[in-house]
Amino acid sequence: MADTASTLGALRRLSGRGIGARPRTSSSVAADAAPTPAAASTPGAASPAASMPDAASPRRHPRLGPGRPIRYGAALGPLLLLLLWIVGSWTGYIDSRTLSPPWVVVSTAADLIGSGRLWSNFETSLWRALQGLFWGVVAGGALGVLSGLSRLGEYLLDGPVQIKRSIPSLALVPLLMLWLGIGEGMKVTAIALIVFVPIYIQTHDCLRAIDSRYLELSETLGVGRWEFIRNVVLPGALPGFLLGLRFAVTYSWLALVVVEQVNSTSGIGYMIELARTYGQTEVIIVGLALYALLGLSSDALVRLLQRKVLKWRKTLAD
């Protein structure tokens, strides 16, 4: 552990001042920090504390940037869409036979919650989505790292993954039904295959996009391969992996719409299919609204994770 810490410290120091720079001793650091007599005796000279910006002053945003963040601003788009739906239904521009009014949908959702039907279907869909998401993330992340760090791994894996990427995942459902039957295994596998692709692509591309100067610096310092992978490569691939995770959590909910319509007796997709059979538009809208809420909330959780894990990055979003 001490060797790893010393290597990381050397990497940070060398990347900050260049490989050929002279090491600074404690006496030189103290000499740089101490004020000169002329500066100390000058009445108009500003002290280091006075020259520092006030911590309580508001943060200044670049003129060419996207602007100041608005608290709860991410809710403006969905609220505007909801407002248009309410106004259109109230004024009659939206036919209730085509799209049920919001108050009818809310009343239907309350009835489904009261009967327990909505919760049981939601619980089943959540468990299926979590299983498919887990296996897809594990497989995509592992193969993405293997392909990104090894030429042989890329030659063996990248081609089949690109073939899988060009084939619509939902088109594989009939084949999965022949291979795995029509039970839960087929549904979880279909979700995992859809989740797998964005995780692999983002992880692989971000690994290959790491600056080669880090490799040269690590070789100069004599860093071992596994230490280089653990402390340089994997942290460098983390932004791409988290971006792929944002796509993956959304795709896992989208896959449920199809897989739960195949020999299912519960789930949100089954509830929507059953409502289509009986012409219950309001139940369909309840299911779609639940999908939307799940997608938005899961994406918000991943974005929160991004901000926590990648807080060292300075981007336009900051």
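Leu-82 is found in helix H5, where helices are DSSP runs of H or I with at least four residues, numbered from the N terminus. This is a predicted model, in which local features need pLDDT of at least 70 and side-chain atom pairs count only at pLDDT 80 or more, while totals for chains, interfaces and linings use all residues. Residues are numbered from 1 along each chain as its sequence is written, and side-chain values use heavy atoms, leaving out hydrogens and water.

**Nonpolar patch**
- Leu-82 counts as partly exposed at 36% relative accessibility (buried means under 20% relative accessible area, exposed over 50%, partly exposed in between, with a 1.4 Å probe and protein chains only).
- A nonpolar surface patch of about 990 Å² has Leu-82, Trp-90 and Trp-103 among its residues (patch residues have over 30% relative accessible area and no salt bridge, with like charges joined within 9 Å and nonpolar side chains, namely Val, Leu, Ile, Met, Phe, Trp and Tyr, within 5 Å; areas come from the Shrake-Rupley method with a 1.4 Å probe, and for residues only the protein chains shown count as cover).
- Helix H5 gives the most to this patch, with 8 residues.

**Salt bridges**
- The structure holds 6 salt bridges (a side-chain nitrogen of Lys or Arg within 4 Å of a carboxyl oxygen of Asp or Glu).
- Arg-128 forms one with Glu-184, their closest N and O atoms being 2.7 Å apart, and this pair links helix H7 to helix H10 across 56 residues.
- Arg-128 is buried at 3% relative accessibility, whereas Glu-184 is partly exposed at 39%.
- Arg-208 and Glu-154 meet in a salt bridge at 3.0 Å, N to O; Arg-208 lies in helix H10 and Glu-154 in helix H8, so the pair ties together parts 54 residues apart in sequence.

Notes:
Helix = DSSP H or I, 4+ residues; strand = E, 2+ residues; numbered from the N terminus.
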